[in-house]
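Let's take a friendly walk through a structure, one piece at a time. Have the sequence and the 3D view ready as you read.

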Amino acid sequence: MATEIVMPRLGWTMETGSIAEWLKKDGDSVKQGDIIFTVESDKAVNEIESFESGILRILPNSPAIGESVPIGTPLAYLVQPGEPAPFETGVPASATAAELVQLRPASTAIHANGHTIKSERVDQLHPTISPRARRIAGELGVDWQNVAGTGRTGRIVERDIRAAAEQIAVTTGSLRVSPVARRMAEDLKVDLGSLAAALPGQRIEKAHVEQAAAQVDSRRGVSAETRAPLSTIRRVIATRMAASLHTAAPVTLTTEVDATELVALRKQLKKDAAAIGLSVPSYNDLLAKLVAEMLIALPALNARLDGEEIVQSAAVNIGIAVNAERGLFVPVIRDVQTKSLRQIARESEVLIERARAGLLTTAEMSGGTFSISNLGMYAIDAFTPIINLPECAILGVGRIVPKQVVIDAEAEIVAIRQMLFLSLTFDHRVIDGAPAAQALQRLKQLVEHPLVGLL
Amino acid sequence: MRELTYIAAGREGLAEEMARDATIFVVGEGIGVRGGNFNTTQGLYELYGPLRLRDTPIVERGFVGMCCGAAMTGTRPIVDFMFVDFILDSIGEIFNQIAKIQYMSSGRLKMPIVLRGAIGIGGSAATHHSGSYFPMFVNIPGLRVVVPSNPYDVKGLLKTAIRSDDPVLFLEHKNLYNNKGQIPDEEYLIPFGAAAIAREGTQASVVAVGSMVRKTLEAADALAKQGISIEVIDPRTLAPLDIGTISESVHKTGRLLIVDETFAPCGIGAEIAAQVMVAGFDDLDAPIMRLNGLHTPTPYSPALEAAIVPTTQSITDAIQALLAE
């Protein structure tokens, strides 16, 4: 049935108003909550939104923009798709009082000359809601702005929200929607009710939902944002990272390393381990072992700041940063200096698996003396990792990539070599730049001739 | 189980405690040979004699002050005021000494004293014999305030009051004295600060105080016939107040009415409303409402007297108004 749209009364003293602008054209599809037009009253320009969905049909003799007309003057109709507008059939619309109250201003910039406004009409202009109803509306995802209140003063109370939620469930439940479209509508937050109104008699398919979602996106633009509470993991990571940057004095040193021998070695190990069904040592495992060798030689980096003291650790316990679905975890491989590469490979395989499954214990993630973070698989060359306090340094590992390198400048010999950037971030409170640079230099040598470090 | 009246249940509790502990004694006007104006001590004089059931002259300030001193020395006095209105003559002793002495002595002195009496409007007792005054006592730190609504509670709470090392105002509504209830044969005590859910319901919570509990239950029965489900809470002690039970109920129902015969301004309803507003603001579906006795001296005329107190009908109306909010 056609719903009449009239010049609304926007304040108790308002007698006339004028259309400032039509925001929808004749024949446009209007969704519940859409702003149809703006009205200029004596106080302000107000946006008028629709309580219903349908096709907008503006009266041929509708007042012109800026023309002042009495409140209640017919302006347009909302009709269902395929339904002729009353002015086309010549039958006057039976506009009841209830239908006239389908519109309300979206803004609340209305004051009747400072008088306290007390009328049912104005209460509808300013919906009030009980705290409980507001809470439950949030829990059930009901947009209470469009709910009619049944409290004594027109206040929206719990029963109104529950009824609205039920209504939404009934409406969407009785629609003819393909299961894929229903799921997609939920994901993309497309209102199936209004989509159905725009497609009378049709079964809603995936394509309809996609189209509707695209329209919503284009209307919302890029400013749409979503909010989600911090997960426990995220909160812990946030606290740790911020604490590290606020506490430590991080400096990052970067060097490019020729990893050709390391690549060859890994290839060999992989072939060998795969042949006998053992864990294949990863680059991280190889680097852990080489880092341990470096730390034994330069123990100043295998240290932590404890109050007024610097504590050097005899054991090299290396944390490996693992990216799991729930966030970043750093399981620790203990006593790397005494373990064989094979042992390390086996342990790290188990720890990484447990990290991804979210099974790591606190013990498995604590006690590290140095960490390694590898972003090579994402084609990252170099980066500045954040120190995993209380440790004093962390190694950032980039990708291994073949490059043309000068081997002998005088003889003008170049060669293709497997190159790798290593970034060492250290805490300048604990160690100075020169010894840290020596450490990275030592690691560079070890990586370039890995057998020395793996003996 | 035996059926006892409210007054007999309280007296049984008193007798049990006096038999158990020889340091307990009762002081008041006509509580000796006469057995108390409301029969609160009937039969006890024969058992324990004038030393432990001590009649006094009409000097409230004097005998309350004396009991304060006695409590400091380690005895457990019970002052029976008959009509509690006359407690006003001893307010200085109660507020300034009894309520404060534990604090002032850093806890070295205890104040195990029970101040009991009949409260409330009823029987054309007129304006000097109809007061309740409990909001005033709830306002003072150091005092416990108990308002039993039925025979079972009066016995269990009186025994707890007598064993309390803090001073307790034990206020019994005179209209309840002849109400009967089932009393277990075995001994029991009811802790302070534990409200009772007198009736479970889902649509609105009503906190009713003292004599209002029974009337509210009648109103809830009447509404149940119309399919309306009301939860009735009897706080039993107002200090300490079990706001947790009240808040949980409001979480369930979303609506709260407090029914109290005493005056509304600065009353217990105002206190409960303020606390629930903070503890459960997001649970409220309607403004918290109060139904109180009229803010006026109590008239003698039975017709006028009946008109100033909440009735089953006015409670029913108030609940319906709350549901319409």
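## Two crossing helices in chain B

In chain B, helix H8 (residues 212–224) and helix H12 (residues 312–324) have axes that come within 8 Å and cross at roughly 60°. That angle makes H8(B) oblique to H12(B). The crossing, in which H8(B) passes H12(B), is right-handed. Keep in mind as you look that this is a predicted model.

Which residues in H8(B) and H12(B) meet? From H8(B) come Lys215(B), Thr216(B), Glu218(B), Ala219(B), Ala222(B) and Leu223(B), and they meet Thr312(B), Ile315(B), Thr316(B) and Ile319(B) in H12(B). Sorted by class, the residues of this contact of H8(B) with H12(B) are five nonpolar, three polar and two charged.

## Chain B as a whole

Chain B contains 12 helices and 14 strands. Of its 325 residues, 50% are buried. Taking the contacts in chain B between residues at least 6 apart in sequence, 79% join residues at least 24 apart.

## The nonpolar cores

How many residues does the largest nonpolar core have? It has 97 residues, and those with the most contacts inside it are Leu115(B), Val145(B), Leu169(B), Val206(B), Leu257(B) and Ile319(B). A second, separate core of 51 residues includes Ala248(A), Ala288(A), Val336(A) and Ile387(A).

Let's look around Val145(B). Setting aside neighbours within four places in sequence, Val145(B) is in contact with Phe134(B), Phe137(B), Val138(B), Leu169(B), Thr237(B), Leu238(B) and Ala239(B).

## Backbone details in chain B

One of those partners, Ala239(B), leads us to a backbone detail. The peptide bond from Ala239(B) to Pro240(B) is cis, with omega near 0°. Pro240(B) sits in the loop between strand S12 (237–239) and helix H9 (243–253) of chain B.

Is Arg236(B) buried or exposed? Arg236(B) counts as buried because it has 27 C-beta neighbours inside 10 Å. This residue lies in the loop between strand S11 (230–234) and S12 of chain B, and its phi is near 65°, a positive value in a residue other than glycine. Met82(B) also has a phi near 65°, positive although the residue is not glycine. Met82(B) is part of strand S4 (residues 76–83) of chain B, and with 18 C-beta neighbours inside 10 Å, Met82(B) counts as partly exposed.

## Chain A as a whole

Next comes chain A. Its secondary structure comes to 14 helices and 19 strands. Of the 455 residues in chain A, 32% are buried. For contacts in chain A between residues at least 6 apart in sequence, 62% join residues at least 24 apart.

Where do the two chains meet? Nine residues of chain B are in contact with nine residues of chain A. The side of chain B that touches chain A has four nonpolar, one polar and four charged residues.

## Helix H11 and its partners in chain A

Helix H11 (residues 283–297) of chain A packs with helix H13 (residues 433–448) of chain A at an angle of about 140°, their axes 9 Å apart. H11(A) and H13(A) are therefore oblique to each other. The contact is made by Leu290(A), Val291(A), Glu293(A), Met294(A) and Ala297(A) of H11(A), together with Ala439(A), Arg442(A), Leu443(A), Leu446(A) and Val447(A) of H13(A). By class, this contact of H11(A) with H13(A) has eight nonpolar, no polar and two charged residues.

H11(A) also crosses helix H12 (residues 341–356) of chain A, at roughly 130°, with axes that come within 9 Å. This crossing of H11(A) and H12(A) is right-handed. Here Asn284(A), Asp285(A), Ala288(A) and Lys289(A) in H11(A) meet Leu341(A), Ile344(A), Ala345(A) and Ser348(A) in H12(A). The contact of H11(A) with H12(A) has four nonpolar, two polar and two charged residues.

## Two prolines in chain A

Pro70(A) is found in strand S7 (residues 68–70) of chain A. With 11 C-beta neighbours inside 10 Å, Pro70(A) counts as exposed. Pro70(A) and Thr16(A) are 54 residues apart along the chain, and their C-alpha atoms are separated by 4.2 Å.

The other proline is Pro390(A), whose peptide bond from Leu389(A) is cis, with omega near 5°. Pro390(A) has its place in the loop between strand S17 (370–374) and strand S18 (393–408) of chain A.

Terms used. Residues numbered from 1 in each chain as written. Chains lettered and ligands numbered in written order. Predicted model: local features only at pLDDT ≥ 70, side-chain atom pairs only at ≥ 80, totals over all residues. Axes fitted to C-alpha atoms, helices over the stretch in contact; angles between N-to-C directions. Helix = DSSP H or I, 4+ residues; strand = E, 2+ residues; numbered from the N terminus. Parallel < 35°, antiparallel > 145°, perpendicular 65-115°, else oblique. Contact = placed C-beta atoms within 7 Å. Nonpolar A, V, L, I, M, F, W, Y, C, P; charged D, E, K, R; others polar. Core = buried A, V, L, I, M, F, W, Y, C linked by C-beta atoms within 7 Å. Buried ≥ 20, exposed ≤ 12 C-beta atoms within 10 Å, placed from the backbone. Left-handed = near helix turned anticlockwise from the far one by under 90°.
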